[in-house]
Amino acid sequence: MDLRFTEAQEILKKMARDFLTTECPKTLVRELEKSEKGYSPELWKKMAELGWMGLVIPEEYEGMGYTFQDLTVLLEEAGRNILPGPLISTVISTFPILEAGTEEQKKELLPKIARGELIITTALLEAEGTFNAYGIAAKATPKGDDFIINGTKLFVEMAHVANYTICVTRTKDGTSPEKGITLFLVDSKAPGISCEVMPTIAADKLCEVRFENVTVPKKNMLGKIDEGWPIVEMMLRKGAIAKCAESIGAIQTCVEMTVAYSKERVQYDRPIGAFQALQHIMADMWTSMETGRYLVYEVAWMESEGQPCAKEASLAKAYVNEAYKNVGQWAIRLHGAIATSHDHDIPLYYRRSKAADTTYGGTDFHRELVAQKIGLI
Amino acid sequence: MDFELTEEQKAHRKEFFEVCKELEKKRPPSFVGFEAVFEVDECWEFHLYCAKEFAKKGWLGLAWPPEYGGSGTMMDKVLFAEARGYHGIPGVDIFGVQMLAPTLLQAASDAIKKEFLPPIVQGKVMWCELWSEPNAGSDLATLATTAIKKGDEYVINGQKTWNTGAHRADWGFGVFKTDPAARKHHNITFILLDMKTPGITVRPIPYIDGGGPFCEVYFDDVHVPAKNIVGQENEGWAVVNLLAGFERSGMTEIMAMFRDLEELVKYCNETKRNGQPLARDPLIRNRVAQLACELQAARAIAYRIADLQNRNEMALMDASAAKIFYSELGKRFAFVATDIAGPYGQVKTSRWAPMHGAWEKAFQECFITIISMGTNEIQRNIIAWYGLGLPRMK
């Protein structure tokens with residue numbers, strides 16, 4: 001056991017921190033919230049040059065060949081700086097291609113993703129807003145060499161700028177909701193697709209994507225017909241861990257900013273950080289961060305090693321969801337009125353704590369999975 | 001970053017778990033929680049028995065240097081704590097083995113080490129801690145019990161309190177004021193003393209539940225050989241800080257809770273209310289799952305501490321954070337489990353009590369961990385002052 005970052009991870013971490021500090025100031029974050037695209041193509045290009053989108057893609061497909069754990073190291077830094085854009089959605093949507101794609105699909109798509117030429121996303125949630133298979137109603141019906149997709153997807157990250165959308169569809173009404181799910185790679189320009197950005201708390205461009213008689217060639221099927229749900233579960237598990245890593249980075253910034261501010265802000269002739277009422281809350285914020293951090297590092301390591309870790313991923317997501325929201329709200333309260341200003345940086349994090357919470361499964365969703373996995377009948 | 005244990009560590013862990021599993025079969029039924037060791041005679045006997053068994057295997061000297069009977073690494077010590085916690089096995093003297101021994105190894109003279117370490121590693125002598133006083137709790141340095149040097153002895157007068165297991169201990173280590181004229185923190189000496197020395201009176205202090213491990217200890221002209229000190233005279237405060245640094249990651253307590261969680265799940269699956277198992281109640285599922293999440297987080301930070309300590313790195317902030325977290329989790333666990341048990345949550349050990357009354361007991365005993373070894377409020381100060389660099393209260 002050695003819970004230190006490897007030398008390569010330290011380098012990746014430092015490079016990411018330095019890069020994002022310079023290239024992604026909060027002025028850009030605010031600008032992108034208001035922008036139509038929600039990401040900076042210039043920044044995206046630079047990130048591609050650093051190899052970020054191809055980090056976990058094997059070298060034979062022009063990627064960096066790093067591990068999943070390395071990816072979480074990078075995402076923690078992205079979270080520290082609340083990097084906007086389609087990095088997580090693209091990287092997490094890459095896994096179904098990596099793990100279930102045909103050689104042809106991999107050769108076609110992975111190098112382009114690694115080069116930053118393709119933005120991809122996954123269309124999973126529908127009107128019910130559940131991460132369970134129950135919620136999948138969008139239908140894909142075979143027709144000759146094609147499938148025809150009909151349905152409406154919601155909360156699809158950055159779909160408005162994605163080149164491809166992995167659409168999770170129902171191809172058969174089976175005995176259980178998990179049976180009869182099939183994944184398709186859909187070209188965003190295919191006729192019949194319409195997309196509208198939903199106004200969300202983090203202005204992170206979640207979209208409603210409507211599929212009206214959208215024709216998708218059979219060769220664009222990802223994995224086997226009717227057997228797509230395990231791929232979704234894999235993606236949700238990796239996504240949950242990735243989101244946790246991002247959240248830990250954000251929590252750390254909230255703690256650091258609050259501690260720093262409390263040392264500067266003077267009331268009653270002393271820095272407010274001298275008051276124990278505040279000190280103890282900051283100690284608790286730090287404790288939340290540190291307990292969450294090693295919980296996440298452990299599950300990231302398990303996932304990276306290929307160990308079964310569905311339970312651990314849910315334990316971590318449920319825990320970190322709450323930690324981020326809680327640290328975020330205390331960060332505002334300890335700053336006082338100033339942090340309720342839209343122009344302050346802390347609210348950027350607080351708003352994202354809610355977004356991070358719902359992404360890849362909220363607390364109660366994951367607690368229910370935990371309940372099942374610890375043996376409650 | 002690598003969480004994998006070495007093959008050697010895995011083998012050690014397997015052996016720790018096997019031995020503890022066997023010992024669990026011999027454990028008296030009156031052992032409901034680790035505090036029972038101090039409360040119930042047969043549990044104390046079991047504690048001594050386990051200590052002897054562990055001593056035979058050399059497990060009381062894990063991470064000690066070989067010349068004092070030690071073997072293994074800090075990681076072995078943590079893995080051993082996991083096994084004991086999960087199977088609910090005492091036998092490791094928290095005061096002698098876990099606190100005093102590492103302190104002596106770092107700060108004591110060779111003579112003291114040679115005299116006092118062997119009986120600890122052999123499981124022959126049990127210790128208690130003589131720190132708090134009626135007017136010196138968190139602010140320990142204000143202590144008033146004096147040890148005045150006369151010839152080659154110290155003569156001790158005063159009172160100590162909240163001394164866990166003092167009524168059972170053979171020896172005690174404590175801090176005493178040796179120079180009443182000197183200023184605070186520079187007047188304290190760390191002294192080892194035989195609890196059978198004439199002039200010592202030990203009285204139990206009934207805990208919330210009427211029983212409990214606590215005692216108060218009175219000193220009336222107690223003569224202790226002057227050689228029995230650790231560090232220099234009047235420089236005991238440094239030893240206090242050193243000893244505080246050897247506080248545990250809480251792995252035993254955390255693994256005990258993992259076992260409790262398994263029992264709670266079993267109880268929820270087997271107990272019917274409103275025509276269905278408790279486990280089918282979504283609210284109960286949610287609350288139990290939340291405990292599971294927090295337990296996993298507690299274990300993660302305990303590993304973080306083990307990893308730091310294994311490399312001889314400081315774990316000050318993490319140790320404080322872990323102590324706050326696992327002790328308050330113990331309280332939350334007790335609250336949730338007794339809630340779920342409904343009216344049975346109040347029943348003491350008896351045929352009506354779920355889990356032999358362990359949850360009712362935990363509802364009362366949770367404060368022991370929250371308050372002892374530096375209250376959680378003091379731990380928060382430590383994180384704030386020494387970790388986050390916040391201005392210290394004057």
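How many salt bridges does the structure hold over all chains? There are 60 of them, a salt bridge being a side-chain nitrogen of Lys or Arg within 4 Å of a carboxyl oxygen of Asp or Glu. Side chains of opposite charge can pair when their charged atoms come close.

A quick word on the ground rules. This is a predicted model, where local features need pLDDT of at least 70 and side-chain atom pairs count only at pLDDT 80 or more, while totals for chains, interfaces and linings use all residues. Residues are numbered from 1 along each chain as its sequence is written, chains are lettered from A in the order in which they are written, and side-chain values use heavy atoms, with hydrogens and water left out.

Let's start with A:Lys238 and A:Glu99, whose side chains meet in a salt bridge at 2.8 Å, N to O. A:Lys238 sits in helix α7 (residues 229–264) and A:Glu99 in helix α5 (residues 87–100), both of chain A, so the pair ties together parts 139 residues apart in sequence. Helices here are DSSP runs (H or I, at least four residues), numbered from the N terminus. A:Lys238 is buried at 5% relative accessible area, but A:Glu99 is partly exposed at 49%; buried means under 20%, exposed over 50% and partly exposed in between (1.4 Å probe, protein chains only).

Now look at A:Asp357 and A:Lys354, with their closest N and O atoms 2.7 Å apart in a salt bridge. These two are 3 residues apart in helix α10 (residues 346–358) of chain A, so about one helical turn separates them. A:Asp357 counts as buried at 4% relative accessibility, and A:Lys354 as partly exposed at 36%.
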